[in-house]
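Here is a short note to read beside the model. Please keep the structure open while you go through the points.

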Amino acid sequence: MEAEELSGRVSETDPAVALRAVGALHRLAEQVEAAAVTHARERGWSWEQIGDALGVARQSVHAKYGK
């Protein structure tokens, strides 16, 4: 489903349903991002490479996932 189609469907849906869906998508995106960052680090990627791939500063990624 393309973004425009999804956006159109959300605007036609009960706002409570749409907002719960958005929350679920945010949680899923966070889980996928965390798994991808872990995988990249296991393969030797630097925080800078990961930040570049995500379109954020390396410091931001390191602060979020560095342990």
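Is Lys-64 buried, partly exposed or exposed?

1. Lys-64 is partly exposed, at 44% relative accessibility. The classes run as follows: buried is under 20% relative accessible area, exposed is over 50%, and partly exposed lies in between (1.4 Å probe, protein chains only).

2. A word on the basis. This is a predicted model, where local features need pLDDT of at least 70 and side-chain atom pairs count only at pLDDT 80 or more, while totals for chains, interfaces and linings use all residues. Residues are numbered from 1 along each chain as its sequence is written, and side-chain values use heavy atoms, leaving out hydrogens and water.

3. The structure has 2 salt bridges (a side-chain nitrogen of Lys or Arg within 4 Å of a carboxyl oxygen of Asp or Glu). Lys-64 pairs with Glu-30, with the closest N and O atoms 2.9 Å apart. Lys-64 sits in helix 4 (residues 58–65) and Glu-30 in helix 2 (residues 15–42), so this bridge ties together parts 34 residues apart in sequence. Helices are DSSP runs (H or I, at least four residues), numbered from the N terminus.

4. Lys-64 also bridges to Glu-33, and here the closest N and O atoms are 3.0 Å apart. This pair, too, links distant parts of the chain: Glu-33 is in helix 2, Lys-64 in helix 4, 31 residues apart.

5. Glu-30 is partly exposed, at 41%. Glu-33 is partly exposed as well, at 22%.

6. Taken together, Glu-30, Glu-33 and Lys-64 form a network of salt bridges.

Note on methods
Helix = DSSP H or I, 4+ residues; strand = E, 2+ residues; numbered from the N terminus.
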